[in-house]
Amino acid sequence: MLPENFILYSIQILLVVVMIAMIIVVIRSYLLHRQPIFKRFGLGMLIGFITDFGDTLGIGSFATTTAAFRMTHYIDDDRKLPGTLNAVHAIPVMFQALFFITAVKVELTTLLPMTTAAVIGAYVGTHVTKKWHAPTVQRVMAIALLIAVIIMIVRMITTPGSNNSMGVHGLHGWWLILGIIFNLGIGVLMTMGLGNYAPELIFFSLMGVNPAVAFPVMMLDAALIMPTTALNVIKMDRVSWRGFAGVAIGGVLGVIVAAKFFTSMDVDLLNKLIVVVALWTIFGLLRDSMKKNV
């Protein structure tokens, strides 16, 4: 059997390779198709920094980015919102995974099959949603945000898993099979705009795993789900390129700052603010989906 460290280092190398591939795709789109990736660069950096800073703390980035994009009219087509969320955060979240993949011990027999299932789900999800019209996307995004808000509220009230033992490092037997099925669904739902962090933290907590142990799994899931989704939606022209570089670069900076200095900060107040902003965004999405001639 291959040593555990060798496998973890191989995963890190894979992340670097995928990250380089994503960067090449973005540069190619800019050079060949003159995509406006540097438009509104300053605002994009601010959005990326704040959302991926919070993402690194386990808050997630999809709800906050959706709210920021809609409040600033950052993208002009809601049909491209789910794909853009995955594409623009792909590079920052791979940085997150590089930081955390070896930070906490987690069994590879849990990490690898659950991540593989999530990637398969992402590939399936991009094909399921490719012909959706704007009102459908807006309603699904609203539902996804509502689910995220409910989960965030449950986490704030109950702090699930905080008393779970740090001695449990993975799932086994039927619980692992359930975890694989769960992550398959998470991969599909991420292509529709539901972030994976909060649902996975709740899931692992219910399985008796401390949330701290879940971090490497959920970050590696996101780090491979997002580029899988991104590469597919870019081919399908379901990504808004306006300001792409600003959000991605700001996101990387947010990850670095959060990982180095503020990983232990109290985020309760921030969570409450995000819940309020997400509820307002849900209202806006549903309102727009009901308009005629959307």
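Guide: A crossing is left-handed if the near helix is turned anticlockwise from the far one by less than a right angle, and right-handed if clockwise. Helices (H or I, at least four residues) and strands (E, at least two) are DSSP runs, numbered from the N terminus.

Visitor: And where does the model come from?
Guide: This is a predicted model, in which local features need pLDDT of at least 70 and side-chain atom pairs count only at pLDDT 80 or more, while totals for chains, interfaces and linings use all residues. Residues are numbered from 1 along each chain as its sequence is written, and side-chain values use heavy atoms, with hydrogens and water left out.

Visitor: How many helices and strands does the chain have?
Guide: The chain has 11 helices and zero strands.

Visitor: Which way does α5 pass α7, left-handed or right-handed?
Guide: The crossing of α5 past α7 is right-handed. Helix α5 covers residues 108–128 and helix α7 covers residues 173–190; they pack at an angle of about 30 degrees, with their axes 6 Å apart. Axes here are lines fitted to C-alpha atoms, for helices over the stretch in contact, and angles run from 0 to 180 degrees between N-to-C directions.

Visitor: Which residues meet there?
Guide: Contact means heavy atoms within 4.5 Å. On the α5 side the residues include Pro-113, Ala-117, Gly-121 and Gly-125, and on the α7 side they include Gly-179, Ile-180, Asn-183 and Gly-187. By class, the contact of α5 with α7 has 10 nonpolar, eight polar and no charged residues. For those classes, Ala, Val, Leu, Ile, Met, Phe, Trp, Tyr, Cys and Pro are nonpolar, Asp, Glu, Lys and Arg are charged, and the others, Gly among them, are polar.

Visitor: What about Ile-181, buried or exposed?
Guide: Ile-181 is in helix α7 and counts as exposed because its relative accessibility is 54%. The cut-offs are under 20% relative accessible area for buried and over 50% for exposed, with partly exposed in between (1.4 Å probe, protein chains only). Ile-181 and Ala-117 are 64 residues apart in sequence, with 7.3 Å from C-alpha to C-alpha.

Visitor: Switching to α3 and α4. At what angle do they cross?
Guide: The axes of α3 (residues 62–72) and α4 (residues 81–100) cross at roughly 115 degrees and come within 11 Å. The crossing of α3 past α4 is right-handed. Phe-62, Thr-65, Thr-66 and Phe-69 in α3 meet α4 residues Leu-81, Thr-84, Leu-85, Asn-86 and His-89.

Visitor: How many residues of α3 are buried?
Guide: Nine of the 11 residues in α3 are buried, Arg-70 among them. After α3 comes His-73, with a positive phi near 50 degrees.

Visitor: Asn-86 came up. What about Thr-229, which touches it?
Guide: Thr-229 lies in helix α9 and counts as buried because its relative accessibility is 1%. Leaving aside neighbours within four places in sequence, Thr-229 is in contact with Asn-86, Ala-122, Thr-126 and Thr-191.
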